[in-house]
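Hello,

Here is the structure I promised to pass on.

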Amino acid sequence: HPGEPLVRKGPLTESSRWVYKVVCADGAFIRQGLELSSPHRCTLALNSLVEISERRINGQGLSRLRTADGRGYLSEQLNPLSGARGPVVELVPLPVVLRYKVIIPEGAVVRRTRELTSPSDRTIALNETFEIVNKNFSDHPASLCVPRLELADGSGWVSERLCREPPDNTVVCEVENILLNKTISDIKKEMKLLKMKEEEAEKVKRDAARAVRLQQIKDLQKSHAESARAAIEAANKEKGSTPGAPPNEEGGGGGGGGSSAADAMSPTSSSSDKVYDDVMSRQIRQMSLNDSNDLASPDSDILDYACVVCLASPRTATIVHGETGHVACCLECARVLKARGDPCPVCRMNIHLVIQHYWA
C-alpha cells in the first residue's frame, strides 16, 4: 500500500537491484511525470524502500528517479528553490561483494570514473566475470543517466546497461553470484592501500619528471646565454674591424668618429639588442609549450599542457560531446578531428562541437 514501508525478502543477490531508502522526514512524493508540475500519485513514508528503474534530470535540473513498478517519479534531492536542501532518498549500499558476468558480444568497457566521458582503460570480454563493491548512476547524459558498477579491484567502472533509450538499453552484465569470503569493508581497505601506493608512485614519477624538466630549463638557459654572448662578440668584432685598424684598437677607424668594442658591448647598442632579441625569439619558439609562468613554476609538467595529438602546441580547444567536454587538443588538431569525423581522443565519444577556450 502507498506510504507503507516495503520489506523485500529473498537471497543476497537481491542487492543487485537498485533499491533506495526514504531518508526525508516528510517522505518522498511520487508524481506521475518527470516534472514537479505533474500530478501527485502517492507519498512514501520515512524509511520506506523503493526499487528504481532509471534516473533522469528534469527541466529544472533536478535528479528524478523512476519507480520500477511504474507508479511514477520521485526526487533524489529536495528542490533548492523551495529553500530546503538535503537528500530525499539514498541508494541502499551493497551488503556483500557481487560477481557479475558480461553477456553482450561487445564486452564491457572499463572507464576510470563513474562518468562515461572518462578515459577507457580496457574491455572485459564476453562471458568473463568481475566483482563489484559499489554502484551508482552517472550524471551524464542528463536525458538518461546510466547505471554504473565499481570494480572491486579499483580499476574503474562498467555500465550495467547500454547508454540508450529503452528498449534499446540492452543489459551489459548480470549478477551471477555473491562472494562471502570477502566483505565490502575488506575490499575498500585494500582499494585504499592500493590507491595510496599508486599516489606515492605517481608522486615519485612527477618529482623525477620535474627534476628533469628543471635541468632542461637550466641547460637551455645556459646554452642560450652562451649563444647570445658569442653572437654579440661576433657582431662587435665585425663592427669594430675597419680598414687600416685592428678590430680591438681604441679609437680605431681613422679618427674620433670610430666606435670601440666597449661601445658595441653597451646595452644601448642596437646591433646587440637585435642579436639578443633574435636569440630570445628562438628560445620562446622552442619553449612554446609553456607560458611565461612555466619557468617560474617548477610544478608545471610540460605534458599536462601539450596537445595529445600533435604534442607540439598547447591545449587551446575544448572538444564538446553532449553535456561534457575534454580539454585535450590545440584548436587546429581539434578542428581536424571534427572535420574527419574522428571521435574524442580521450573518451571516444562523437564530437559535436569544437570551441576555443580562454583562461580568465
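Below are my notes on its aromatic pairs and its cysteines.

This is a predicted model, so local features need pLDDT of at least 70 and side-chain atom pairs count only at pLDDT 80 or more, while totals for chains, interfaces and linings use all residues. Residues are numbered from 1 along each chain as its sequence is written, and side-chain values use heavy atoms, with hydrogens and water left out.

Searching the whole structure gave 2 aromatic pairs (ring centres of Phe, Tyr or Trp, the last by its six-membered ring, within 6.5 Å; planes under 30 degrees apart are stacked, over 60 edge-to-face, the rest tilted). Trp 18 and Phe 137 make a tilted pair, 4.6 Å centre to centre with 45° between the planes. Trp 18 sits in the segment before strand E1 (19-22) and Phe 137 in strand E11 (residues 129-137), so this pair ties together parts 119 residues apart in sequence (strands are DSSP runs of at least two residues, numbered from the N terminus). Trp 18 is buried at 6% relative accessibility, and Phe 137 is buried at 1% (buried means under 20% relative accessible area, with a 1.4 Å probe and protein chains only).

The rings of Tyr 100 and Phe 130 are stacked, with centres 6.0 Å apart and planes at 15°. Tyr 100 belongs to strand E8 (residues 97-102) and Phe 130 to strand E11, so the pair ties together parts 30 residues apart in sequence.

As for disulfides (cysteine sulfur atoms within 2.5 Å), the count is 0. Cys 333 is in none, and the nearest cysteine sulfur, that of Cys 330, is 3.4 Å away.

Best wishes

Technical notes:
Helices (H or I, at least four residues) and strands (E, at least two) are DSSP runs, numbered from the N terminus. Buried means under 20% relative accessible area, exposed over 50%, partly exposed in between (1.4 Å probe, protein chains only).
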